[in-house]
Amino acid sequence: MEKLALLSMNNITAVELIPNLSESKVSTMMNKIDIQASQFRNIKQFYYDFQKIQKDKQNIDNLMNSIETDSKNQFKIQELSRLLAQYTYSFFEFVNFSQQYVKKHTIANLNELLIKNQYDKFYEYRLAYSLGNYVKHVDKTIPLKDFYDENSYNFYIPTDQLLEIDKHCKTKIEKVYKERDEVNLIDYLNTTLSCIKMQTMCITKQIFVDENAGEYFQSTDGFIAEYGFPCKFDFDNLDKRKVQLKSNDILSLRLEVAKIVGEFGIADIKIHYKNGQ
């Protein structure tokens, strides 16, 4: 026979031993904790994706600096192109995932207010998304050209060459390629990274303002602090002490998320609701 129980540090306490606590109420809490843990995992995933894009950009910056400071390293332009393709593909995947997420959650229309707004506002955002599609379907490197004089060594993405190579591009992508003849790689990276950071911050904030989030926290935090995690205990195998937790260690997840919130300053971000509040 399997019964619901509560897991504490040193022993198992049956539901019946806790005043005013029924198996039904514990089951409800377990479901809410699952949702709460899922929210935290989503926040971590957005953050980890952002960290990867940051790391890709740093690798590109380092390689550009290496080529600029020593002409013997100019043969590394092909490696730079490969890193740029990797960065752009990460951007493409993150934006696609973000679009899917925000369309599922209507509490704040981030697809219109954030993603589409950035697409319309920044040419680099449109190009990055188009290049991500290019890398995914056409080539794993991106054409680069450079101009050198006594004062500068600047890398550019020649969009006319991309238009010529990318025969599979659709009307929307073709328009992006035609919008400019070229784009400075440094400006491109700075703009796209800034956009990705804003998406990460706003989507994380949106997870926190889930219309049921307050209820999850209020009904579970105090309970977990006092009794531990709800779990299932196999009373037919007492000697084996079979305990099956319903979710990951949510307290550890909370600590990690708290660090992310502190780093991004998420509490200061304003979310615009549909009703204009």
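Predicted model: local features only at pLDDT ≥ 70, side-chain atom pairs only at ≥ 80, totals over all residues.

Visitor: Roughly how do H2 and H4 lie to each other, parallel or perpendicular?
Guide: Helix H2 (residues 77-104) and helix H4 (residues 123-137) pack with their axes 8 Å apart, at an angle of about 105 degrees. Axes here are lines fitted to C-alpha atoms, for helices over the stretch in contact, and angles run from 0 to 180 degrees between N-to-C directions. Angles under 35 degrees count as roughly parallel, over 145 as roughly antiparallel, 65 to 115 as roughly perpendicular and the rest as oblique. H2 and H4 are therefore roughly perpendicular.

Visitor: Which residues of H4 make that contact with H2?
Guide: Contact means heavy atoms within 4.5 Å. On the H2 side there are Ala-85, Thr-88, Tyr-89, Phe-91, Phe-92, Glu-93, Val-95, Asn-96 and Gln-99. From H4 come Tyr-125, Ala-128, Tyr-129, Leu-131, Gly-132, Asn-133, Val-135 and Lys-136.

Visitor: How many helices and strands does the protein chain have?
Guide: Helices (H or I, at least four residues) and strands (E, at least two) are DSSP runs, numbered from the N terminus. Counted that way, the protein chain has nine helices and seven strands.

Visitor: What about H3 and H4, how far apart are their axes?
Guide: Helix H3 (residues 110-121) packs on H4 at an angle of about 105 degrees, so H3 and H4 are roughly perpendicular to each other. Ile-115, Gln-118, Tyr-119, Asp-120 and Lys-121 in H3 meet Tyr-123, Tyr-125, Arg-126 and Tyr-129 in H4. By class, that contact divides into five nonpolar, one polar and three charged residues. The axes of H3 and H4 are 5 Å apart.

Visitor: How many of the residues of H4 are buried?
Guide: Buried means under 20% relative accessible area, exposed over 50%, partly exposed in between (1.4 Å probe, protein chains only). Among the buried residues of H4 are Leu-127, Ala-128 and Leu-131. H4 is mostly covered, and the count of buried residues is 12 of its 15.

Visitor: Which way does H1 run against H2, parallel or antiparallel?
Guide: The axes of helix H1 (residues 23-69) and H2 cross at roughly 160 degrees and come within 10 Å. That angle makes H1 and H2 roughly antiparallel.

Visitor: How many charged residues are in the contact of H1 with H2?
Guide: The contact of H1 with H2 has 15 nonpolar residues. Next to those are five polar residues, and the charged ones number five.

Visitor: Is Ser-90 buried or exposed?
Guide: Ser-90 sits in helix H2. Leaving aside neighbours within four places in sequence, Ser-90 is in contact with Lys-52, Ile-53 and Asp-56. Its relative accessible area is 11%, so Ser-90 is buried.

Visitor: How about Arg-82, buried or partly exposed?
Guide: Arg-82 has its place in helix H2 too. Not counting residues up to four places away in sequence, Arg-82 touches Lys-140 and Thr-141. Arg-82 and Lys-140 are 58 residues apart in sequence and 6.5 Å apart in space, C-alpha to C-alpha. With a relative accessible area of 35%, Arg-82 is partly exposed.

Visitor: Last one: what is the relative accessibility of Ile-157?
Guide: Ile-157 lies in strand S4 (residues 153-158). Among the residues that Ile-157 touches, not counting those up to four places away in sequence, are Leu-84, Leu-127, Leu-131 and Ile-142. The C-alpha atoms of Ile-157 and Ile-142 are separated by 7.8 Å, at 15 residues apart along the chain. Ile-157 counts as buried, with a relative accessibility of 0%.

Conventions. Residues numbered from 1 in each chain as written. Heavy atoms only, no water. Nonpolar A, V, L, I, M, F, W, Y, C, P; charged D, E, K, R; others polar.
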